[in-house]
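Subject: Structure handover

Hello,

I am passing on the structure we spoke about, together with notes on what turned up in it. Please have the model open while you read.

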Amino acid sequence: MRRTILSPLVGVMAAFLLLPALAEPVGSDGPRRRLDAQEQVAARQELARVIGKAIHDSGFDDARVGIHVRSVSDGTTLYARAADTLLNPASNMKVVTAAAALELLGPEFRFETELYGLQAIGSDGVLKGNLYVKGEGDPTFVSERMFRLVEDLWQLGLRRITGDIIIDDTYFDTVREGPGWEQESSDRAYIAPTGAVSLNYNAVAIHVRAGTKVGETAVVAVDPASDYFVIDNRVTTSAERTRRRHIPSSIGEGTRQRIMVRGRHPLDGAPGVYYRRIDNPPVYFGHTLKEYAKRRGIKFARGRVKLGTVPANAELLHRSLSQPLGRIVSTMNKVSQNHIAEQLLKTVGAEAIGPPGSWPRGVQAVEAFLEKEVGIPRGAYVMKNGSGLNDTNRFSPRQMTAILAHTANHFQVAPEFVASLAVAGRDGTTQYRLDDTDTAGRVRAKTGTLENVSALCGYARTLSGETVAFSILVNDHPGRYSTIIEGVDTIAAAVATYGGQPRPTTSNLALGNGPQEDDQAIQDRLQTYSSLGRARDPRNVRFLRSALRTEKDPLIRAVVAEAIFLSDPDVGRRILLDTFAPTTELLGRLRSLTYSQDRAGTPVLTSVADVAAEGDETALDRLLSAAYAGREDVGLVAELAVTLAEVARTAPEEILSALLRTEAPQGNTVVRILAEGIRAAGPGKHPLNKVVKERAAAEVDPEARVRLEAIRTEVDLARQLATEPKAPEARGAGPQALPAPSPGAAALGAAVRATSGG
């Protein structure tokens, strides 16, 4: 194996610079103070008490919870609960992969991507024959590296290639989807395939923006662009202030990738960007290389992209090196990058056992490492992939802390490994967790999240100055995501404060929660939070998340959650949906707010509807619950009728599924409100009609068919009545005016109350 090794001095310097992460991290209270026997008993009792309370308060009682906390220095167990139970670790698997890769390959290991020709580049700038590309699993080769690679070829004098581009992908096997991929059918980037020659984590960016006028096809583009992609654009530019819906799909078609986008984009809507996997990594790489070369001025006589192998007599033209493995592992763990983890696992297999790298060989190499170095025997756990994707792996909390403790005590890899973990309240996937608390900066951890799975493992520097390893695995939890995360974080904070009293936490909020607040004080606070949301500045997220933890009033919490969502939709989407629990009282209070909004409609509810319009299942459920909770408010019914009809226009299949999930009488009530919105929309086809008709015709379950026919009857009747004249829209309130109630709104409200069952 051809490898470039950094000077040993560099590794030693890095070790001395980063080892303080274990000894004296930011926020440390000084050197370790050993607890006497009585203090140890008291500290462990307090830790057990706090963890027990956190489990109960967070609804973990019905979940499977495994926890283990051990001293890194002497291995003493400080707390254990179901510590030997094998549970799904989710992305905590990346800790296992990282530890094994660093020890087996070394922190200084670099991936190589090599370019060959049958002869050197001629003095005339011509490469006669093919250009060969051989990859060895680099998971971090991105567009910027491609640009640099092409520039290097240009500086070597290359101006023309007479042959084709041949991609040698044989360092890995031909199996591109690992164990766990079969459990879901998805084109999302997090489930991208592997390849010895890969680019941009084997994903593509899809950009969507409005056309120049209503009714015109919107603009869809991909990055990086090349002949590998076939664009199938089915997005229409819609009127201003309508809701956006993009449905991007990435479909492998052999040596081409079809990018299809359906939906609509408002004329005044912000551009959207989506990341989707590609299916043929080496061909993707080859076409992008060709496109970048053409842009630089390198010409091709043929320039076809094909798979093959580098001939034995080929001459090396150029070698591109990745960053050292220590940095790559940091990228993987900080942001929980699945593609890097699987590429590392295959590379470990290829290096330890021999190419081609594969999942079985990678797992075999990791098993040997765990048995020989950590003392965990084969068969004591289940490992199938390196990223933790889906329901494929099983480790116990005690095994996880054993790996953490071993790696922390291994001088050659400890600095890089510890530095790869996200710092609580500071960066990575824990940037907004445990921030504004005494624990911020004292915990370095890897998160893990799957459906009904939440995990956290890593290191904590306790208040007594001791470094401990901990693992928290929660499986099959029934609660909301936010509640589960809060419970897990409470446990981590308890670990970090072991052996001492936590310092009082001073909130950075200038606005307090006084017990004697009047309506004006509340209104002022709402105005402040709302204005921060309307600024749409991600820098406000940390402040707003702190506010969300301190505010207790459901109204204020809902507005703060919306402000987080508006400031950073990726961070705030789940927070918004987890926080918004629609009740009649909350909806009434929201409708009474007087501060300015970006769009007409009830605050918070409009943002939930925006997410629902994208087909989000949870948002749709929240929106339907709001429609039922607000059924006695005629004005709100009129607004929700219009909103539901618009959401049903962008996400007809998804809203129908949500309606079928809603039990009667709530479901019947919501259907009538939705039907009123369709009627109020006026003449013209509504996509829900067709979807209901097709679903009813295909349904075989008698009960479901009855419900579908009932929905179909309401929707068809709404379309028949759509020619009725509607009341004029509210005047004088400008663009912020709420939708005016249609003539049937009052009657609908009465009918809803009569059929809702209370």
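The charged end of Arg-159 lies over the ring of Trp-154, at 3.5 Å from the ring centre. A second case of this kind involves Arg-631, whose charged end sits over the ring of Tyr-628, 4.0 Å from its centre. Please keep in mind that this is a predicted model.

Next, the aromatic rings. A pair of aromatic rings is described by how far apart the centres are and by the angle of the planes. The structure contains nine aromatic pairs. Tyr-228 and Phe-229 are both buried. They also belong to a cluster, in which ring pairs link Tyr-228, Phe-229 and Tyr-284.

Another pair, Tyr-381 with Phe-395, is stacked: the centres are 4.7 Å apart and there is 20° between the planes. Tyr-381 and Phe-395 are 14 residues apart, and both are in the loop between α9 (359–374) and α10 (397–408).

Which residues does Ser-396 touch, leaving aside its neighbours within four places in sequence? The contacts are Ala-83, Asp-84, Thr-85, Leu-86 and Leu-473. Ala-83 is 313 residues away from Ser-396 along the chain, yet their C-alpha atoms are separated by 6.1 Å.

Last, the sheet. Strands of a sheet pair through hydrogen bonds of the backbone, in either a parallel or an antiparallel way. Here six strands make an open sheet, with antiparallel pairing, and their order is β2-β1-β20-β19-β18-β17. At the edges are β2 (77–81) and β17 (422–423), each of which pairs on one side only. Within the sheet, β18 (residues 443–450) and β19 (residues 453–461) run antiparallel and are joined by eight bridges. Opposite Leu-456 in β19 stands Thr-447.

Regards

Methods:
Residues are numbered from 1 along each chain as its sequence is written. This is a predicted model: local features need pLDDT of at least 70, side-chain atom pairs count only at pLDDT 80 or more; totals for chains, interfaces and linings use all residues. Side-chain values use heavy atoms; hydrogens and water are left out. Two strands pair if DSSP finds at least two bridges between them. Helices (H or I, at least four residues) and strands (E, at least two) are DSSP runs, numbered from the N terminus. Rings of Phe, Tyr and Trp (its six-membered ring) pair if their centres lie within 6.5 Å; planes under 30 degrees apart count as stacked, over 60 as edge-to-face and the rest as tilted. Buried means under 20% relative accessible area, exposed over 50%, partly exposed in between (1.4 Å probe, protein chains only). A charge sits over a ring if NZ of Lys or CZ of Arg is within 6 Å of the ring centre and within 35 degrees of the ring normal. Contact means heavy atoms within 4.5 Å.
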